[in-house]
Amino acid sequence: MKFSLFYHSLVSDWNHGNAHFLRGIVSELLALGHEVRVYEPQDSWSKINLLQDHGIRALKQFQEYYPGLDSISYSRDTLELAEIAAASDVVIVHEWNEPWLVNGLGELREAAQASRADNFCLLFHDTHHRAVSDESWLRRFRLDAYDGVLAFGEVLSDVYRRHGWHNHVWTWHEAADIRMFYPRKDDPNRPRGDVVWVGNWGDDERTAELETFLFGPVRDLGLSCQIHGVRYPQPVLTRLAKDGIDYRGWLPNFKAPEVFANHKVTVHVPRRYYASRLPGIPTIRPFEAMACGLPLICAPWQDSEGLFTPGSDYLVAEDGEQMRAHLRQVINDPGFANELSARALETIRTRHTCGHRVAQLLDILEDLDVASLDESATTTNTGSTSHAYS
């Protein structure tokens, strides 16, 4: 099949956690013999900030790690939506897109339905909390003509069901790209440490939680700690330096496995909306750690969909004191840490890879009677690379 994917960015993961999942999904689709084009705005916030902070070398590194992936940059003046739709079997539009694009594709789909020329399937992909945190956000989009919605958690799917989608919304969780995220050997040329945390500051959505579940326990236990991420305000950076926490700025997502290999444990501190109003959505960070065999301790979040087994795949700390206890146990008992990470890795590999999610996507498309669904394309071809089409 011919896929056209509209996302914020494929080439930049600067403050763009969904890049991991997108890259994994594209890699899996290509490996199955499908044709994929990814479209991203030439002035995407993530790419512009990446270039400003790290220069063109950062984009070249992406190509070095993902030689088979690329994207098409566009501006509103140059994008020919009708031509793209006509050349596509499936169009997926991420929620981090402007209304003119989301609505423009919807109008094309509506016209196709009206003329009974069902020439492409149109899906909306939501991977954010805006549908519950900003009541006006969803009203910007005209999704009536879309064939369905892919939401990254059941509680978010329910939001769309309440808006009338009913049987045309599917819960499509994020997952690990195990082509890139897998256990690595520690590198003596890289800094070693006890705790590593990868996460962006996030507009005070978890300031108190970070102090309770990460900064405080690390400081009190005298642990070495590396923090990677962007948008940290200067007062926070000053505080981290005072506490002896090593802030190292942006980490390319594809290099996270190498950093994980030189640390003993990581912590997941969900943003407030995911801990309260969107239970069951872990976001991408736990998938990354588990796929790399790094023991994981989580601040409270409700795994309402049973993605993992708390206490077996990861530990849960209900408060700062319990976080301290868990950190001591994982760091001081390598056997226990290895058992914890091994169970989590097995869970990822058997249930939560991008390959699993692509299989689910193809089942959804079959349910939607996408006419060009080619059963022969479901045989894996690991030698596939990028395929362009006209």
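In the predicted model described here, Arg23 lies in helix α1, which spans residues 18–31; helices (H or I, at least four residues) and strands (E, at least two) are DSSP runs, numbered from the N terminus. Residues are numbered from 1 along each chain as its sequence is written. Because the model is predicted, local features need pLDDT of at least 70 and side-chain atom pairs count only at pLDDT 80 or more, while totals for chains, interfaces and linings use all residues, and side-chain values use heavy atoms, with hydrogens and water left out.

With a relative accessibility of 0%, Arg23 counts as buried, where buried means under 20% relative accessible area, exposed over 50% and partly exposed in between, as found with a 1.4 Å probe on protein chains only. When its neighbours within four places in sequence are left aside, Arg23 is in contact with residues that include Leu10, Asp13, Phe62, Tyr66, Asp177 and Phe254, contact being defined as heavy atoms within 4.5 Å.

The confidence of the prediction can be stated through pLDDT, the predictor's confidence in each residue, from 0 to 100. The protein chain has a mean pLDDT of 92, and 95% of its residues reach 70 or more. Over residues 375–390, however, pLDDT stays under 50, and for this stretch the model has 34 contacts beyond four places in sequence.

Seven strands form an open sheet in the order β3-β2-β1-β4-β5-β6-β7, with parallel pairing; two strands are said to pair if DSSP finds at least two bridges between them. The edge strands are β3 (72–74) and β7 (169–171), each of which pairs on one side only. Neighbouring strands of this sheet are turned by 25° against each other on average, direction ignored, the axes being lines fitted to C-alpha atoms (for helices over the stretch in contact) and the angles running from 0 to 180 degrees between N-to-C directions. Strand β1 (residues 2–6) pairs with strand β2 (residues 35–41) in the parallel sense, over five bridges, and Lys2 stands opposite Glu35 in β2.

Parallel pairing is also found between β8 and β9, which are joined over four bridges, and here the bridge partner of Val198 is His228 in β9. In a regular strand the side chains alternate between the two faces of the sheet.

The largest nonpolar core holds 65 residues, of which Phe3, Leu5 and Leu365 touch the most other members. A second, separate core of 33 residues includes Leu101, Phe124, Tyr146 and Tyr274.

A salt bridge is taken as a side-chain nitrogen of Lys or Arg within 4 Å of a carboxyl oxygen of Asp or Glu, and by this rule the count comes to 23 salt bridges. In one of them Lys264 is joined to Asp194, with the closest N and O atoms 3.5 Å apart. Because Lys264 lies in strand β11 (residues 263–268) and Asp194 in strand β8 (residues 193–198), the pair ties together parts that are 70 residues apart in sequence. Lys264 is partly exposed, with a relative accessible area of 42%, whereas Asp194 is buried, at 13%.

The side chains of Asp220 and Arg324 likewise meet in a salt bridge, at 2.6 Å from N to O. This pair links distant parts of the chain, with Asp220 in helix α8 (residues 207–221) and Arg324 in helix α13 (residues 320–332), 104 residues apart. Asp220 counts as partly exposed at 46% relative accessibility, and Arg324 is buried, with a relative accessible area of 17%.

Within helix α12 (residues 284–291), Arg285 and Glu288 are three residues apart, and therefore separated by about one helical turn; their side chains meet in a salt bridge of 3.3 Å, N to O. Arg285 counts as partly exposed at 23% relative accessibility, while Glu288, at 1%, counts as buried. Salt bridges that share partners join Glu211, Arg219, Asp220, Arg239, Asp243 and Arg324 into one network.

Note on methods:
Core = buried A, V, L, I, M, F, W, Y, C linked by side-chain atoms within 4.5 Å.
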